[in-house]
Amino acid sequence: MLELEHNGYCPLTLEHLDMYVPPRPGVYILAVRLVNGVHKTFYTCQSEDVHRSLRQLARKNWDGLPSVAREHLEKYQCYFTYF
């Protein structure tokens, strides 16, 4: 049986990535936090190294991202979670 571990939402910053995300395979989700505190997902991706992939996004290396995801990353404070 496969067990998924949800790790909460953190701001997409290098500091938070280094504190909370291990270099392992997984799925990550990018979201924005709405006024009511709910996180609204705008992008989901699978990665062989979640830490490395999220660091690239935090450093604004957005190659291969859909335009909608880029727009969110440019305009809003984004949050991430991973499984």
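**Entry 1: one arginine.** I began with Arg 55, which counts as buried because its relative accessibility is 16%. For that label I used under 20% relative accessible area as buried, over 50% as exposed and anything in between as partly exposed, with a 1.4 Å probe and protein chains only. Arg 55 sits in helix 2. I then listed its contacts, leaving aside neighbours within four places in sequence, and got Leu 14, Leu 17 and Asp 18. Contact here means heavy atoms within 4.5 Å.

**Entry 2: ground rules.** I noted that this is a predicted model, where local features need pLDDT of at least 70 and side-chain atom pairs count only at pLDDT 80 or more, while totals for chains, interfaces and linings use all residues. Residues are numbered from 1 along each chain as its sequence is written, and side-chain values use heavy atoms, with hydrogens and water left out.

**Entry 3: the overall layout.** I counted 3 helices and 4 strands in the protein chain. Along the sequence they run β-α-β-β-α-α-β. The radius of gyration is 12 Å, close to the 12 Å that the globule rule gives for 83 residues, so the chain is as compact as a globular protein of that length. I took helices (H or I, at least four residues) and strands (E, at least two) as DSSP runs, numbered from the N terminus. The radius is over C-alpha atoms, and the globule rule is 2.2 Å times the number of residues to the power 0.38. Along the principal axes, the C-alpha atoms fill a box of roughly 35 × 30 × 25 Å. Of the contacts between residues at least 6 apart in sequence, 65% join residues at least 24 apart.

Entry 4: In which order do the 4 strands lie? I read 1-4-2-3, an open sheet with antiparallel pairing. Strand 1 (10–11) and strand 3 are at the edges with a single partner strand each, so one side of each has no neighbour in the sheet. I called two strands paired if DSSP finds at least two bridges between them. Strand 2 (residues 26–33) and strand 3 (residues 39–47) pair over 8 bridges. Gly 26 stands opposite Ser 47, and Val 32 has Lys 40 as its bridge partner. Their hairpin has 5 residues between the strands, and in it Gly 37 takes a positive phi near 90°.

**Entry 5: the core.** I looked at the largest nonpolar core, which has 19 residues; Leu 30, Leu 54 and Phe 80 touch the most other members. Strand 2, strand 3, helix 2 (50–58), helix 3 (67–75) and strand 4 (78–82) each supply at least two residues of this core. Such a core is a set of buried Ala, Val, Leu, Ile, Met, Phe, Trp, Tyr and Cys residues joined through side-chain atoms within 4.5 Å. Setting aside neighbours within four places in sequence, Leu 54 contacts Leu 12, Leu 17, Val 21, Tyr 28, Leu 30 and Phe 80. Across the 83 residues of the chain, 36% count as buried.

**Entry 6: cysteines.** How many disulfides does a search of the whole structure find? I got 0, taking a disulfide as a pair of cysteine sulfur atoms within 2.5 Å. For Cys 10, the nearest cysteine sulfur is that of Cys 78, 14 Å away. Cys 10 counts as buried, at 13% relative accessibility. For Cys 45, the nearest cysteine sulfur is again that of Cys 78, 15 Å away. Cys 45 counts as partly exposed, at 22% relative accessibility.
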